Amino acid sequence: MVTKRGWLDRQRFLTLVGASQLIPGPNSTELAIHIGYARAGWPGLVVAGACFILPAVALVSLAAAAYQAYGSVPAVTAVFAGVAPVVLAIVTEAGRRLGGTALDGPLPIACFLAAAVAGWVGVPELAVILGAAAIGALLHWGRPHVATAGAIVLADPTAIFGLFARIGAVLVGSGYVLLAFLRTALVEQRGWLTERQLLDAIAIGQATPGPVFTTATFVGWLLAGPIGAAAATVGIFLPAFIFVAITAPFLDRVASSALGRQVLRAVTAASLALLLVVTIRLAGAAWGAWWGMPLTALSFALLRSGRTSPTVVIGLGALVGLLAT
């Protein structure tokens, strides 16, 4: 967009990146929507967002259909048994990278620790996020303003849409934080998925091109087939279009807001804490075999080196699962 096509200059691009960080939802998708609006106004907003999402949704839908049809086949079960420990490593590495920049001062660190404790004792994720946002806002105002598929219960598509729309409207930070919200809503509260199925859904979202939020497409398909996939996809991504549509006309003011930056720092730190908590809790499901923990450690080391992509590591986990099961 900047170097090859010259649609934006570098500073404008960075402004759009910052703006996408200030609102809830999938940041990469919101960046694409912002670029579409900057390039061609309201039609560009819709076209850019839809074209960024739909190819990934199609791939994930195919994967979900195959998983539903063949997920109980021993070889497929073995593959996902090997992938589950790798998912833990991918999420942990994502959290480590985000933490290196997000936990950059006393406020984010304090919010991270408080949110980790709150998440561990069972405080709802939304309450943790809103609490962190309130703390960030209060501190800003208090100082000078300087700067298995068969086990799934079929769910109503309307309920699926509502659930994912609520998540899309409040989730701030990495797409991996989606894992914390989904575990509470789908595994603990409703029992619609098992923890292993949730790990499989995250793996598919990571292994396919496009935003990690397409995990919602996979989950929706398992819950209610193609209609469920459509409901979950629209629900999780619709808030992003709405937020960008609201903020884009006032972009420069929002991006330069000291209050917005302060709230974002607190909320991002809390999101990372929730990511840590859910990763620890899912370890039991991922480490069912003796080789699960060593595979997670090896995968993390490969990702940490920076020379191996998540897709390659997922392939390694699938191979290990086939050979060891």
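Predicted model: local features only at pLDDT ≥ 70, side-chain atom pairs only at ≥ 80, totals over all residues.
## Rings and a helix: a quick briefing

Trp42 is partly exposed, at a relative accessible area of 46%.

**Aromatic pairs**
- The count of aromatic pairs comes to four.
- Phe213 and Phe237 make a tilted pair: here it's 6.4 Å centre to centre and 45° between the planes.
- Phe213 sits in the loop between helices H8 (195-207) and H9 (215-247), while Phe237 belongs to H9, so this pair ties together parts 24 residues apart in sequence.
- Phe213 is buried, at 2% relative accessibility, and Phe237 is buried with a relative accessible area of 2%.
- Tyr67, Phe80 and Phe218 are joined by ring pairs into a cluster.

**Charges over rings**
- Arg281 lies over the face of Trp120, 4.8 Å from the ring centre.
- Arg190 has its charged end over the ring of Trp192, at 5.6 Å from the centre.

**Helix H7**
- H7 covers residues 178-189, twelve in total, and reaches 15 Å from first C-alpha to last, close to the expected 16 Å.
- Ten of those twelve residues are buried, so H7 is largely enclosed by the rest of the structure.
- Among the buried ones are Leu178, Phe181, Arg183 and Val187.
- Just after H7 comes Gly191, which takes a positive phi of about 65°.

Technical notes
Residues numbered from 1 in each chain as written. Heavy atoms only, no water. Helix = DSSP H or I, 4+ residues; strand = E, 2+ residues; numbered from the N terminus. Expected span 1.5 Å × (residues − 1). Buried < 20%, exposed > 50% of the residue type's maximum accessible area, 1.4 Å probe, protein only. Phe/Tyr/Trp six-rings, centres within 6.5 Å; stacked < 30°, edge-to-face > 60°. Lys NZ or Arg CZ within 6 Å of the ring centre and 35° of its normal.
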